[in-house]
Amino acid sequence: MNELTLREIWDRIIATQEQLENIDRLVFYFTGVEESGSFVQVEETDSEHYGEPLPYCKEVALEKIRSMKEVAIAREQTLKGLLDFYMSVYNQQKSREV
């Protein structure tokens, strides 16, 4: 079996931490959208509905955001578990080399 080096494990830890930061940022944005007031985008000037809000169903939009947020949170939990695993492998490998 091919063993990972300490450097390879460390690189995976760093990459996983970066993914966690991206997920944290994404969840923050989802939360901000849920908590913000309604945002209404106005049709472009070349549209026949110029100056009118674009039609949308607020409840459906919020439900989609909640669903995406749930997926992001599940991914975050998976990444945290993976990070814990990599840390334990790193610590085991390091103790073998000492």
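The model you're looking at is predicted, so local features need pLDDT of at least 70 and side-chain atom pairs count only at pLDDT 80 or more, while totals for chains, interfaces and linings use all residues. Residues are numbered from 1 along each chain as its sequence is written, and side-chain values use heavy atoms, with hydrogens and water left out.

**The overall picture**

- The chain has 2 helices and 0 strands; both kinds of element are DSSP runs numbered from the N terminus, with helices being H or I of at least four residues and strands being E of at least two.
- Helix 1 covers residues 6-35, and helix 2 covers residues 58-97.
- Helix 2 has 40 residues and stretches 58 Å from its first C-alpha to its last, close to the 58 Å expected at 1.5 Å a residue (the expected span is 1.5 Å times one less than the number of residues).
- Out of 98 residues in the chain, 20% are buried; buried means under 20% relative accessible area, exposed means over 50%, and partly exposed is in between, using a 1.4 Å probe and protein chains only.
- The chain's accessible surface is about 7,800 Å², and 55% of that belongs to carbon and sulfur atoms (areas come from the Shrake-Rupley method with a 1.4 Å probe, and for residues only the protein chains shown count as cover).
- Take the contacts between residues at least 6 apart in sequence: 75% of them join residues at least 24 apart, where contact means heavy atoms within 4.5 Å.

**Salt bridges**

- A search of the whole structure turns up 3 salt bridges.
- Back to the opening pair: arginine 7 and aspartate 11 are 4 residues apart in helix 1, so about one helical turn separates them.
- Arginine 7 is exposed at 57% relative accessibility, whereas aspartate 11 is partly exposed at 37%.
- Glutamate 63 pairs up with arginine 66 in another salt bridge, and their closest N and O atoms are 3.6 Å apart.
- Those two, glutamate 63 and arginine 66, sit 3 residues apart in helix 2, which again puts about one helical turn between them.
- Glutamate 63 is partly exposed at 44% relative accessibility, and arginine 66 is partly exposed at 36%.
- Glutamate 76 bridges to lysine 80, with 3.9 Å between the closest N and O atoms.
- Both glutamate 76 and lysine 80 belong to helix 2, and they are 4 residues apart, about one turn of the helix.
- Here glutamate 76 is buried at 14% relative accessibility, while lysine 80 is partly exposed at 44%.

**Where the helices meet**

- Leaving aside neighbours within four places in sequence, glutamate 76 is in contact with Leu20, Ile23 and Asp24.
- Isoleucine 23, not counting residues up to four places away in sequence, touches Ala72, Arg75, Glu76 and Leu79.
- The structure also holds 3 aromatic pairs; rings of Phe, Tyr and Trp (its six-membered ring) pair if their centres lie within 6.5 Å, and planes under 30 degrees apart count as stacked, over 60 as edge-to-face and the rest as tilted.
- One of these pairs is tryptophan 10 with tyrosine 90, a tilted one at 5.4 Å centre to centre and 50° between the planes.
- Because tryptophan 10 lies in helix 1 and tyrosine 90 in helix 2, this pair ties together parts that are 80 residues apart in sequence.
- Tryptophan 10 is partly exposed at 35% relative accessible area, but tyrosine 90 is buried at 15%.
- Asparagine 91 and isoleucine 9 are 82 residues apart along the chain, and their C-alpha atoms are separated by 9.8 Å.
- Asparagine 91 lies in helix 2 and is partly exposed at 45% relative accessibility.

**What's tucked inside**

- The largest nonpolar core has 13 residues, and Ile13, Ile23, Ala72 and Tyr90 touch the most other members (a core is a set of buried Ala, Val, Leu, Ile, Met, Phe, Trp, Tyr and Cys residues joined through side-chain atoms within 4.5 Å).
- Helix 1 and helix 2 are the elements that give two or more residues to this core, and helix 1 provides the largest share, with 7 residues.
- The buried residues of helix 2 include Leu62, Ile65, Lys69, Ala72, Glu76 and Tyr90.

Key:
Salt bridge = Lys/Arg side-chain N within 4 Å of Asp/Glu carboxyl O.
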